[in-house]
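This report goes through one protein chain, from its overall make-up to single residues. The sequence and structure are shown first.

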Amino acid sequence: SANCLARPSCATSLLATTSSPDVSLSMRWTIPGRATPPIPLSWPRQWCSRAFTRVPSGCPAAGWTTKSGDHRWLAITARPVRDAEGVIVSLVGGGRDVTAEVEARLALAASEERYRLLAENSSDVVVHVREGVWVWVSPSVSTELGGRREDWVGQHVADLIHPGDAEQTQAAAEQIAAGQTVVGRARIKVADGTYHWFEARGKAFVGADGQPDGQVAALRLVDEAVAAEAELERRARYDDLTGVLKRGAALERLEELAAVGPTTAGAAVMFVDIDNFKIINDQHGHAAGDTVLCAIADRIRAAIAPDDLIARMGGDEFLVVLPGVNGLTAAVEVAEEVRRSAHRAIALPGRGEGAPAPDTPPEIVVTLSMGVTISRPGEDPDELIARADNAMYEAKRRGRNRVVAVTAREQAAPPEESGSAR
């Protein structure tokens, strides 16, 4: 049997009689339990290797050493030779040099073993995806996503990805199919049904036969990193005290509106200042001043639409942006609603550090001076804010607690005024 050649207990010696790619072999065969006459060997026994393997065709292959010391592999085919009584006395066979094929297969096996060791001992979750289905996953999936490893095999990617990340995930799969290596983030549903942020590095997977076989991805849990980045983004864009946008974020939004084009309705801008705020700080303490700032920010937010913007420009000044408002008159109506909502009592903080003196009242009523204007298509945000700021100062000059509206043509002499002086 040719299969027996793969067992050193049966095939006791093997050597080649020529160095050409197609060679005939002289062999000695030993049948367990009975002796057979040996066939003389033309080469010393030490030239033959005792290592045996198989090539993909199924033929056994043996390692051997040439006279020059090179190590080669032969794919072996053989047939028995029988005596007159039908007893197998020897084998006659042939071999084909398959050194390159065998060494490539051995190298692939070693590579796969190294990959397996890495995958099974990495904290990252390694996933093999074929036609959108997880067909293999590393053991670390139980630690990172929960559940049993076998429960994740057969899961479809579309069922695991958050709907908000589905489009970008599909785009990433198409990039990988085109031969690219992709790194991105997405929310993945874990065993308890909640979504968590994972960073994925994906690329095409090539099977043992050298053919494309889906994709492979390494997943790493990044919830903490995403939360930290979101907090940094929040601090960069939002005021820590009042929670409204900072000046820079408001300017970005105004630049976006200006870039839309002349066919878009202009945005109204309101510049808001708390009257006599320095006196509030001096008489009632900075804690009371902070309370007033937060209360006014909340009341402005309540008086405007959800899509409108409010930003703290510094100190006691706020900027309100009303995108697409229907003219200056409509903007003034919103500004008046803001002014009226602010003119209500604000409870002051307790008697801790920075609190007002014992003889001060427990609450305070503040007023606002406001300037309102409408943007022109493509107008520079700084010019727009300056015009609203000038209108606000005109409101203070006229007695505070009022709204002054101004157009771009009439900014030197504000045409509209509402409210009463205080």
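## Overall make-up

The model is predicted. The protein has 11 helices and 20 strands. Of its 422 residues, 38% are buried. Among contacts between residues at least 6 apart in sequence, 52% join residues at least 24 apart.

## The largest pocket

The largest pocket holds about 640 Å³ of space. It is lined by 30 residues, and the closest to its centre are Val157, Ile161, Thr169, Ala172 and Ala173. By class, the lining divides into 17 nonpolar, 10 polar and 3 charged residues.

Which elements each supply at least two residues of this lining? They are strand E7 (125-130), helix H4 (157-160), helix H5 (166-177), strand E9 (182-189), strand E10 (195-206) and strand E11 (212-221). The largest share, 8 residues, comes from H5.

H5 has 12 residues and reaches 17 Å from its first C-alpha to its last, close to the 16 Å expected at 1.5 Å a residue. Glycine 179 follows H5 and has a positive phi, near 100 degrees.

Alanine 173 has its place in helix H5 and is among the residues closest to the centre of the largest pocket. Alanine 173 counts as partly exposed because its relative accessibility is 30%, between the 20% and 50% cut-offs.

## Helix H11

Helix H11 (residues 381-397) has 17 residues. The distance from its first C-alpha to its last is 24 Å, close to the 24 Å expected at 1.5 Å a residue.

At the N-terminal end, aspartate 380 caps H11: one of its side-chain oxygens lies 3.0 Å from the backbone nitrogen of aspartate 382. Just after H11, glycine 399 takes a positive phi of about 125 degrees.

Which residues of H11 are buried? They are Pro381, Leu384, Ile385, Arg387, Ala388, Ala391, Met392, Glu394, Ala395 and Lys396. An α-helix has 3.6 residues a turn, so residues three or four places apart point the same way.

## Loop residues

| Residue | Relative accessibility | Class |
|---|---|---|
| Serine 138 | 0% | buried |
| Threonine 242 | 7% | buried |
| Asparagine 276 | 39% | partly exposed |
| Asparagine 326 | 70% | exposed |
| Glutamate 131 | 75% | exposed |

Serine 138 is found in the loop between strand E8 (133-137) and helix H2 (141-144). Its side chain makes a polar contact of 3.0 Å with the side chain of serine 140. With a relative accessibility of 0%, serine 138 is buried.

Threonine 242 sits in the loop between helix H6 (223-237) and strand E12 (245-246). Leaving aside residues up to four places away in sequence, threonine 242 touches Leu293, Cys294, Ala297, Arg301, Arg312 and Phe318. Its relative accessible area is 7%, so threonine 242 counts as buried.

Asparagine 326 lies in the loop between E15 and helix H10 (327-342). Why is asparagine 326 counted as exposed? The reason is its relative accessibility of 70%, as the class begins over 50%. Asparagine 326 and isoleucine 374 are 48 residues apart in sequence, and their C-alpha atoms are 9.8 Å apart in space.

Most residues other than glycine have a negative phi. Two loop residues are described here with a positive value.

Glutamate 131, which is not a glycine, has a positive phi of about 55 degrees. It lies in the loop between E7 and E8. Glutamate 131 is exposed because its relative accessible area is 75%.

Asparagine 276 also has a positive phi, near 55 degrees, and is a residue other than glycine. Asparagine 276 is found in the loop between E13 and helix H8 (277-284). Its relative accessibility of 39% makes asparagine 276 partly exposed.

Technical notes: Residues numbered from 1 in each chain as written. Predicted model: local features only at pLDDT ≥ 70, side-chain atom pairs only at ≥ 80, totals over all residues. Heavy atoms only, no water. Helix = DSSP H or I, 4+ residues; strand = E, 2+ residues; numbered from the N terminus. Expected span 1.5 Å × (residues − 1). Buried < 20%, exposed > 50% of the residue type's maximum accessible area, 1.4 Å probe, protein only. Polar contact = N/O pair within 3.5 Å; in protein donor to acceptor, adjacent residues only side chain to side chain. 1 Å grid on protein atoms, 1.4 Å probe; cavity = no way out; pocket = protein on both sides within 12 Å on 5 of 7 lines; lining within 4 Å. Points joined across faces, edges and corners; volume = space filled by probe spheres on them. Nonpolar A, V, L, I, M, F, W, Y, C, P; charged D, E, K, R; others polar. Contact = heavy atoms within 4.5 Å.
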